[in-house]
Amino acid sequence: MACAAENCRFKEETMSGESFRFVHASDFHLETPLGDLDHLPPQLRAAMATAPRDAAAAVFEAALAENIDFLVLSGDLLHPVAAGPHGMSLLLDGFEKLHAANTAVYWAAGIADDPKQWPEAVPLPPNVTLFPRDRAVAIPHQRAGRTVCSIIGRSSEGRSTLHVAGFQTETTDEFTVGIGHGIADASALSGARMDYWALGGPHNHTEIEGGAPAGAVAPGSPQGRNSDESGPHGYVVVDVDAEHTARIRRVETDRFRYLNVAIDSDEIRSAGSLRNLLGQKIGTLTNEHGGRHLLISWEVTLDNAEVLPSVGDPTELLRNLRRDHGTTNPAAWTTRLTVRPPHNYPKSWQDEDTILGDFLRASKKFAGARVRSTTADDSAGPSSPGDRLDLMPFTEEHTDLSSTASSLLGDVPADQRESILADATLMGVELLRGGKPSWGRKS
């Protein structure tokens with residue numbers, strides 16, 4: 001079976017035995033919908049609602065079509081109560097189809113799918129082994145009466161890390177697959193002497209170099225759920241030949257793909273405007289990601305204030321991006337457009353004998369005071385009242401402000417003052433230079 005070079009790895013061992021193939025998947029999280037969406041595009045709502053189920057179903061379809069020996073599931077498939085009958089039926093239907101095909105399933109539960117949560121009234125098909133939480137169980141996987149590999153699994157006890165010491169069993173000459181939910185460092189994993197670690201827990205594909213001779217892999221969720229889970233998602237197919245050479249191939253199943261894209265001033269200048277640049281990038285991304293719906297978060301860093309006229313109003317730009325690119329098939333929906341204000345403005349602007357110059361000099365004073373207050377040591381003594389930007393006196397000038405608004409403005413958390421000052425400075429510069437203010441810079 002052909003595969004792209006970047007999606008395959010080859011690891012060799014010296015032992016000889018039977019060749020075999022298995023699919024390794026994890027973290028279906030059928031109880032969790034897609035997130036990081038302030039607005040659901042009407043034309044995509046139905047597809048978004050079924051995306052997690054569609055991706056999980058693709059794993060079972062592959063397990064039936066790939067001529068595998070067994071399916072490995074390393075936890076957090078679903079919370080039975082939160083996912084409800086709809087989620088459980090998908091899981092059980094997949095198990096039953098594999099049972100009809102005489103394909104074994106080895107399932108080490110994670111935190112969400114704690115075996116104690118599984119209803120006693122819903123028995124699992126006989127081809128499914130759900131490993132216990134209190135001990136590791138070793139199972140010789142056989143084909144035509146011959147053992148082709150050894151499976152050692154243990155469900156999670158509720159930890160986010162893998163308790164490797166709990167997998168100690170007698171060593172065998174067969175290729176050994178360890179199945180568990182959670183991550184450990186390479187030295188701990190390698191000490192357990194597994195040939196392949198089938199891990200779960202991370203929602204993004206993760207490989208721990210040096211964890212096992214054939215690989216220590218957490219395949220991630222088949223469908224990303226938010227911008228922290230950006231990029232491709234799917235499962236892996238593991239082929240082991242008679243010499244115990246293992247090939248790991250990633251297969252993508254996500255219907256929607258989250259992308260985080262960073263943009264700087266040089267790119268905007270080259271394209272002529274931010275709107276032109278984003279349109280070009282959307283065309284490129286749509287081609288690169290294989291016809292999937294894209295959910296894009298843009299972060300624009302204005303490291304050069306002179307590019308401001310090419311940026312325009314982010315709120316209007318967001319609306320145009322969603323209208324022009326979010327209704328196509330496949331869609332490229334902008335989930336967020338964040339414009340990071342420049343840290344510095346041209347010196348000529350600051351030196352002007354104008355209100356703009358006064359404003360920029362005052363902003364620079366407060367920004368410098370903020371830096372001094374965060375870097376000074378205790379021996380410098382307390383900072384003077386002028387070292388801290390205090391908005392409370394300004395709120396007292398506006399009697400129509402609610403007490404809640406006054407409190408929020410007068411007590412800005414220390415870790416937010418720098419970004420708020422930067423946003424306020426940008427807004428002031430736009431107004432004083434005759435530009436259109438943007439009241440919602442993070443759209």
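Which order do the strands of the open sheet of six strands have? Read along the sheet and you get E6-E7-E8-E9-E11-E10, with mixed pairing. This is a predicted model, where local features need pLDDT of at least 70, side-chain atom pairs count only at pLDDT 80 or more, and totals for chains, interfaces and linings use all residues. Residues are numbered from 1 along each chain as its sequence is written, and side-chain values use heavy atoms, with hydrogens and water left out.

**View 1**
The labels come from DSSP runs, numbered from the N terminus: strands (E) have at least two residues, and helices (H or I) at least four. Two strands pair if DSSP finds at least two bridges between them. Strands of a sheet pair through backbone hydrogen bonds, either parallel or antiparallel. The edge strands are E6 (137-143) and E10 (206-207), and each of them pairs on one side only.

**View 1. E8 and its two partners.**
Strand E8 covers residues 176-181 and runs parallel to E9, joined to it by five bridges. Look for His181: its bridge partner in E9 is Gly200. To get from E8 to E9, the chain passes through helix H3 (residues 186-191), making a right-handed β-α-β crossover. Right-handed has a simple test: with the strands pointing away from you, the path from the first strand over the helix to the second runs clockwise. E7 is joined to E8 as well, through four bridges, and these two strands also run parallel. In this pairing, Ile152 stands opposite Gly178 of E8.

**View 2. Strand E9, covered on both faces.**
How many of the five residues of E9 are buried? Five of the five, across residues 196-200. Buried means under 20% relative accessible area, exposed means over 50%, and partly exposed is in between (1.4 Å probe, protein chains only). On one side sit Tyr196, Ala198 and Gly200, on the other Trp197 and Leu199, and all are buried. E9 also pairs with strand E11 (residues 216-218), in the parallel sense over two bridges. Ala198 has Val217 as its bridge partner in E11.

Side chains of opposite charge can pair when their charged atoms come close. The rule for a salt bridge is a side-chain nitrogen of Lys or Arg within 4 Å of a carboxyl oxygen of Asp or Glu, and the count comes to 23. In this one, the side chains of Arg146 and Glu18 meet at 2.9 Å, N to O. Arg146 lies in strand E7 (residues 146-153) and Glu18 in the loop between E1 (8-11) and E2 (20-25), so the pair ties together parts that are 128 residues apart in sequence. Arg146 counts as exposed, at 54% relative accessibility, whereas Glu18 is buried, at 19%.

Glu66 forms a salt bridge with Arg21, their closest N and O atoms being 3.9 Å apart. Glu66 is in the loop between helix H1 (45-65) and strand E3 (70-73), and Arg21 is in E2, 45 residues apart. Arg249 also forms a salt bridge with Glu66, with closest N and O atoms 3.4 Å apart. Arg249 belongs to strand E13 (residues 246-252), and this pair is 183 residues apart. Through salt bridges that share partners, Arg21, Glu66, Asp239, Arg247 and Arg249 join into one network. Glu66 is buried at 10% relative accessible area, Arg21 is buried at 17%, and Arg249 is buried at 7%.
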